[in-house]
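Keep the structure open while you read.

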Amino acid sequence: MTTTGPAVQVDVDKLMQFVFRAVDEVGATLNTALVVMGDRLGLYRALAGAGPLSPAELAERTGTAERYVREWLNAQAAGEYVTYDPDTGRYTLPPEQTVALTDPDSPAYLPGFFQIALGSVLDSPKIVEAAATGAGFGWHEHVHDVHEGCERFFRTGYNAHLMSEWLPALDDVVAKLERGAVVADVGCGHGASTILMAQAFPNSTFVGSDYHDGSIETARRQAQEAGVTARVRFETAPAGAYNGTGYDLVTMFDCLHDMGDPVGAARHVRRTLGPDGTWMIVEPKAGDRVEENLNPVGRAFYGFSTLLCTPASLSQDVGLALGAQAGEARIRDVVTAGGFTRFRRVAETPFNIVYEARP
Ligand SMILES: C[S@@+](CC[C@H](N)C(=O)[O-])C[C@H]1O[C@@H](n2cnc3c(N)ncnc32)[C@H](O)[C@@H]1O
């Protein structure tokens, strides 16, 4: 033990453990940019299934500069993203990393997660300013990496769980969708969830809405590319004022906690749902108490919440700022205050909880 002042006793071993943990974390922070670099330059895709490659071979295959690629590969090897063979000087992307870094259809696909993290860090000086005064910072004000990374990250979870687990967990909803239902997907961002549902249920029609017009433009383009525009419409509208009534199903994917006035949004859902309708709320996985969220998933979500979700809510009227780790009890309060009488948790994954609310 040593003493740094009259009152504070410091355990030097613990101090050094913390310092070396920080070295690892700084490496991981920089790796966020390196993963986006590898994704954007096609480095992972060129390594995928190619067997061992030298930096020159990888640079040649991707049309990039060997000196950068060599340095990038060494950083990837130090972080165990690729393996390095000192006898040949070649680098290999292992099968598991190949799936996680290059297969957009895998539930383990990661580039979007890194992209939204990078975008959040890029905008962090604005959040530092906002935190000094309590001002908000809107979702629409962020760099494009936040919007696109968000879509790419969440889409993998929706692909993996929406049709197989989440919708079937709701009372009678799949049968209605198969027969032909009218659905509002509120806070839809780039419309990944809207388009997925439209592809799965050809007898149903869908209205996706979001207050961010840039996201709605992207959603429209993607609906066109997916060939579902006959049954899918997108509109720019806040959650408290989207159009239409008599919906069989209203969905909100990872957005209720981002809203300034989630209770106002809940009231609008209640007004626009048909009498036997269902509101499905997908929220980030969280326990009610802080101590339940002090784990790696909670750490990532509290980080996103500080840099994205809380400022987004504070930028809007009311500014309730639920935060990404609101937990079931607070979501239930919001839903109940919005006039719903039934509320239950119906499914969960390592990243999400799904709730069902009924009038
Ligand atoms: C984390 S993103 C999720 C987007 C999309 N649902 C998804 O899962 O990919 C949150 C979304 O909520 C939208 N949003 C925030 N406040 C809103 C409001 N008051 N009304 C409508 N949309 C809102 C943002 O524009 C953003 O697209």
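Helix α1 (residues 12-40) packs against helix α4 (residues 66-78) at an angle of about 125°. Their axes lie 11 Å apart. The model is predicted.

**The α1/α4 helix pair**

- The crossing of α1 past α4 is left-handed.
- On the α1 side, N31, L34, M37 and G38 make the contact. On the α4 side, W72, A75 and Q76 make it.
- Sorted by class, the α1 contact with α4 has four nonpolar residues and three polar ones. It has no charged residues.

**The sheet**

- Seven strands form an open sheet, in the order β7-β6-β5-β8-β9-β11-β10. The pairing is mixed.
- Which strands sit at the edges? They are β7 (232-236) and β10 (342-348), and each pairs on one side only.
- From one strand to the next, the twist averages 20°.

**Inside the sheet: β5 and β8**

- Strand β5 (residues 182-186) pairs with strand β8 (residues 247-253) in the parallel sense. The pairing runs over four bridges.
- D185 stands opposite T251 in β8.

**A helix on the sheet**

- Helix α11 (residues 213-226) packs on the sheet. It touches β6 (205-210) and β7.
- The direction of α11 makes about 165° with that of β7.

How values were computed:
Residues numbered from 1 in each chain as written. Predicted model: local features only at pLDDT ≥ 70, side-chain atom pairs only at ≥ 80, totals over all residues. Heavy atoms only, no water. Axes fitted to C-alpha atoms, helices over the stretch in contact; angles between N-to-C directions. Helix = DSSP H or I, 4+ residues; strand = E, 2+ residues; numbered from the N terminus. Left-handed = near helix turned anticlockwise from the far one by under 90°. Contact = heavy atoms within 4.5 Å. Nonpolar A, V, L, I, M, F, W, Y, C, P; charged D, E, K, R; others polar. Pairing = 2+ DSSP bridges.
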